[in-house]
Amino acid sequence: MSTITQAMILAAGKGTRLRPLTLETPKPLVEVGGQPLIVWHIKALQVAGVTDITINASWLADKLMTSLGDGTQYGVNLHWSVEDDEPLETAGGIFQALQTGKLKDAPFILVNSDVWTTYDFTKLQNYKLGNDQLAHLLLIDNPTHNSGGDFAINNGLASEQAVAEADKFTFAGISVMSPQLVDGLVQGQPAALAPLLKQAMMKFQITAEVIKDNWIVVGTPERLEQVNEFIKSNGVDNHQGA
């Protein structure tokens with residue numbers, strides 16, 4: 001079975017809800033548990049054997065690239081896909097990275113840089129997408145800030161529809177993705193990922209599973225404080241990845 005050796009971390013957002021912290025610091029560099037949030041992902045991917053990592057950058061891109069460099073310090077190869085002052089959104093950023101060769105035309109692990117989790121990426125390294133399958137999503141139990149959830153799972157397939165509200169879960173911002181999902185987009189044109197996922201779900205091309213690992217979107221000062229307290233209280237190691 002072929003293994004996945006590449007990942008993309010989405011890091012182009014402005015992090016407006018974390019201001020004033022993010023006025024002069026890119027959101028992925030905000031410190032969580034003594035190290036930048038994005039470094040948790042880089043280390044966790046490296047531990048899983050995924051060493052080719054593409055990062056898209058827009059807001060304060062120079063600071064982000066200066067801080068992380070080419071990834072040598074973390075034992076990985078970082079490839080930078082720089083966008084203009086206005087980010088290309090999730091799907092647009094992926095499409096540009098593919099078009100410019102920063103991301104190879106092969107399945108990859110996709111991670112939102114603003115989530116923190118103890119999930120073990122090794123579990124995704126050997127994941128194999130089926131012939132007609134465009135993505136495999138990780139879902140979590142709904143946090144209070146997204147109580148209605150995003151997607152349901154019916155016989156392993158992700159769906160917008162659920163039998164009851166309690167059957168929907170929240171997208172964890174982690175997935176295995178086929179480059180074919182963004183086929184047909186226009187380079188340089190912003191495009192969101194959610195509509196593409198929903199279209200593919202209607203064709204039964206998206207699978208999903210629910211994970212029970214610690215997870216939080218570090219989107220507000222309150223949640224930043226919450227995750228820092230969790231790491232401190234539980235003695236989570238920040239040297240070998242999450």
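Is Lys104 exposed, partly exposed or buried, and what is its relative accessible area?

Modeller: Lys104 is partly exposed, at a relative accessible area of 45%. Buried means under 20% relative accessible area, exposed over 50%, and partly exposed in between, with a 1.4 Å probe and protein chains only. First, some ground rules. This is a predicted model, where local features need pLDDT of at least 70, side-chain atom pairs count only at pLDDT 80 or more, and totals for chains, interfaces and linings use all residues. Residues are numbered from 1 along each chain as its sequence is written, and side-chain values use heavy atoms, with hydrogens and water left out.

Lys104 forms a salt bridge with Asp52 (a side-chain nitrogen of Lys or Arg within 4 Å of a carboxyl oxygen of Asp or Glu). Their closest N and O atoms are 3.5 Å apart. Lys104 sits in the loop between helix 3 (89-99) and strand 6, while Asp52 belongs to strand 4 (residues 52-57). Helices (H or I, at least four residues) and strands (E, at least two) are DSSP runs, numbered from the N terminus. The two residues are 52 apart in the chain. Asp52 counts as buried, at 18% relative accessibility.

The whole structure holds 4 salt bridges. Another one of them joins Lys27 to Asp114, with 3.3 Å between the closest N and O atoms. Lys27 is in the loop between strand 1 (6-10) and strand 2 (31-32). Asp114 is in the loop between strand 6 (108-112) and strand 7 (115-117), 87 residues away. Both Lys27 and Asp114 are buried.
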